[in-house]
Structures are given as C-alpha cells and as structure tokens.
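Here are my notes, in numbered points. Please read them with the structure open.

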Amino acid sequence: MMNFMPPPWPLTVATWNIHAGVGIDRRFAPERIGTVLNEIGADIVALQEVPLGGEHWPNLLQELAQATRTVGVEGFTFSVGGRRFGNAILSRYPVLDTRRIDISFGSREPRGALDADIYCHGHRLRVIATHLGLRAAERRAQVARLLQVFD
C-alpha cells in the first residue's frame, strides 16, 4: 500500500465532465461553466468532453481559460461532424509539458488521457485528465494501460 503525503501547501483540484458545454436543460451555455469554475476556485481542473473547436464551432477550452484566467491545455481525442473533442486541464500554475495517451479499446469510441506536468510551488506535479469507457472490460483495459505508462 502506498503512503499518501499531502502537499505542504494548499492546493485545490477538481474534475468535471462538461458534456460538450450542454447543461441538463439541453442548452449550450459555456458561460455557466465558467461561472461555476470561478465559484469553485480550483487551482487545477481536469475536464472531459470538451469541445476543442472545428469548422464553425467554438473552442470551449479557450473560452473557459479566458473566463477563469488560467492556462488551458488540450488532449485531443476524436472529431465528429467537423467538431474536435477531448480532455483538457485548466491550471493556475505553469504547465511544463503534456503528453497524450491513447487508451482506446477495440472498436469502441476513441478515448484518451491528457498527462501534464505542472510546476506548482517549486514542485513538478503530474496531473492526468481522462474519460474512461462505459463498459467494465473497457475500463479495466484502460486502467491497465494507464498503469503501464505510470510505471
């Protein structure tokens, strides 16, 4: 069993599947997401199902980074109908490096993980933003792939 030691500084981290910017009322309202993110006030946020722009489509990550005054980095996963989607990270700290990890499973929807190194209070912090598949076998394979990368 690994021992977890909290960082010697306050750090708030959040994760949110923003469902392409569409709320439960079925309205595309990115300004609501920006408002909630500002209310949360997290230092680092991992986002899933982020519209990353495309022909005639806005880049929601850019809008959210601007609204929250954070650095936004993307982990492109797939495109459909001229729209690009993926995972993303918003950070109040500098992002040193990013990597994309393909965790797709068979013929299921493409999946990926965004692996980022963030410089936080003199330390390199590794943050992974991902969106696992829906089926148990798919998730097991995806977690196994991520564990290989972490080794």
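1. Start with Gln48. In this predicted model, Gln48 touches Thr15, Trp16, Asn17, Ile18, His19, Gly86, Asn87, Thr130 and His131, leaving aside residues up to four places away in sequence. Gln48 sits in strand E2.

2. Is Gln48 buried or exposed? Its relative accessibility is 8%, so Gln48 counts as buried, the cut-off being under 20%.

3. The side chain of Gln48 has polar partners. One is the side chain of Thr15, through a polar contact of 3.0 Å.

4. Next, helix H2, residues 60–68. Its buried residues are Leu60, Leu61, Leu64, Ala65 and Thr68. Viewed down the H2 axis, the buried residues fall within an arc of 135°, so they line one face of the helix. Gln62 and Gln66 are exposed, on the face turned away from the buried side of H2.

5. What covers the buried residues of H2? The cover includes helix H1 (30–40) and strands E2 (44–54), E3 (57–59), E4 (71–80) and E5 (83–91).

6. Check both ends of H2. Asn59 caps the N-terminal end, with a side-chain oxygen 3.0 Å from the backbone nitrogen of Leu61. Just after H2, Arg69 has a positive phi of about 55°.

7. Last, a surface feature. Val143, Leu147 and Phe150 make a nonpolar surface patch of about 250 Å². Phe150 belongs to helix H3, residues 136–150. Phe150 counts as partly exposed because its relative accessibility is 38%.

Notes
Residues numbered from 1 in each chain as written. Predicted model: local features only at pLDDT ≥ 70, side-chain atom pairs only at ≥ 80, totals over all residues. Heavy atoms only, no water. Patch = residues over 30% accessible without salt bridge, like charges linked within 9 Å, V, L, I, M, F, W, Y side chains within 5 Å. Areas by Shrake-Rupley, 256 points an atom, 1.4 Å probe, with all protein chains shown as cover. Salt bridge = Lys/Arg side-chain N within 4 Å of Asp/Glu carboxyl O. Helix = DSSP H or I, 4+ residues; strand = E, 2+ residues; numbered from the N terminus. Buried < 20%, exposed > 50% of the residue type's maximum accessible area, 1.4 Å probe, protein only. Arc of directions from axis to C-beta. Contact = heavy atoms within 4.5 Å. Polar contact = N/O pair within 3.5 Å; in protein donor to acceptor, adjacent residues only side chain to side chain.
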